Amino acid sequence: MTLVGRLDRFQQRHPQIGLPLAVVYKFFDDQGNYLAALITYYGFLSLFPLLLLLSTVLNFALHGDVALQQRVLKSALGQFPMIGAQLKDTRGVSGSGIGLVIGVLGTLYGGLGAAQAAQNAMNTVWRVPRNSRPNPLRSRGRSLVLISVVGVSVAGTTVLSALSGSADAFGATVHAGLRILLVIASLLANIVVFTVAFRVATTKDISIRQTLPGASFAALSWQVLQLFGTAYVGHVVKNATVTNSVFALVLGLIGWIYLEAFVVVLAAEYNAVRALGLYPRSLLTPFTDDVVLTDADRAAYTSQARAQRSKGFEDISVSFNPPERTDD
């Protein structure tokens, strides 16, 4: 037996190796990098209207309070586009009703797009047939639920992470013991949020037990990325020049959102592979047709084909015919 054959038999006999390998294979079967990129696009699209909304709300709140304006200006918020420029304006700070409306509408549009992309990713991961997915109206209603529940929860946990990770950069003082409690509270809250989000984002009826492992991994990754993100804003963006801070913020946001979207899709793939029993896979499956498919390979390819069903009365059957071997 060749070395590749021995490695293949070894990983098929050891789930601790075969399961992660099957997750990676299914991730690429589902084009998970493109699913994550689509979430990143709409997520990024919603951030600049959200930044405009934040700037407008701050302008309303800080109007006439010079001392508070200076405190915000000296914090990391003062280095954000629009916010810092407004605070440094000699004409003073004032809110704009038009800016508020544009910020709300733009944020809602981008948020709905991100939620729709997340639903598409989760339904693809769980191999939900197209005819079983919600129609455009119902899917947007589900997206509104995702935005309202998950958005508020994420905002709260982001504040906790900011206080625990870079409180000094934002002008606050938090003791070490309280920082640890804030990190633990934020992690537990994120686990709940991702568990709910994973279940709401897919039409397939999945249990908490099936969702919890991937949700815990996504929550832990989210926590780490939040800590790095707040530290990045509190030190890199804050200390950069005005022009460089814009580039640093934009590039940092794109990279941060993509990494988180990548992790979320990968976590969902883990849940699906584990729950649907799509492992172990053959080691050479993605690379050649000259391979003996495992039962998990056949189940993965069959469910992938049937997920393309567009109508309930459409019948998709899948068969596997080994390639003919020719003797030289």
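A residue counts as buried when its relative accessible area is under 20%, as exposed when that area is over 50%, and as partly exposed in between, using a 1.4 Å probe and protein chains only. By that definition, both aspartate 30 and lysine 26 are buried, and their side chains meet in a salt bridge with an N to O distance of 2.7 Å. A salt bridge here is a side-chain nitrogen of Lys or Arg within 4 Å of a carboxyl oxygen of Asp or Glu.

This is a predicted model, in which local features need pLDDT of at least 70 and side-chain atom pairs count only at pLDDT 80 or more, while totals for chains, interfaces and linings use all residues. Residues are numbered from 1 along each chain as its sequence is written, and side-chain values use heavy atoms, with hydrogens and water left out.

**Overall fold**

- The chain has 11 helices and zero strands, where helices (H or I, at least four residues) and strands (E, at least two) are DSSP runs numbered from the N terminus.
- Of the 328 residues in the chain, 39% count as buried.
- Among contacts (heavy atoms within 4.5 Å) in the chain with a separation of 6 or more, 75% are between residues 24 or more positions apart.
- The chain exposes about 18000 Å², of which carbon and sulfur atoms supply 65%; accessible areas come from the Shrake-Rupley method with a 1.4 Å probe, and for residues only the protein chains shown count as cover.

**The salt bridge between aspartate 29 and arginine 281**

- The structure holds five salt bridges, and one of them joins aspartate 29 to arginine 281, with the closest N and O atoms 3.1 Å apart.
- Aspartate 29 lies in helix H2 (residues 15-29) and arginine 281 in the loop between helix H10 (242-276) and helix H11 (295-306), so this pair ties together parts that are 252 residues apart in sequence.
- Arginine 281 counts as buried because its relative accessibility is 1%.

- Because aspartate 30 lies in the loop between H2 and helix H3 (32-62), and arginine 127 in the loop between helix H6 (97-125) and helix H7 (136-166), the pair ties together parts that are 97 residues apart in sequence.
- Aspartate 30 counts as buried at 7% relative accessibility, and arginine 127 counts as buried at 8%.
- Salt bridges that share partners join Lys26, Asp30, Arg127 and Glu269 into one network.
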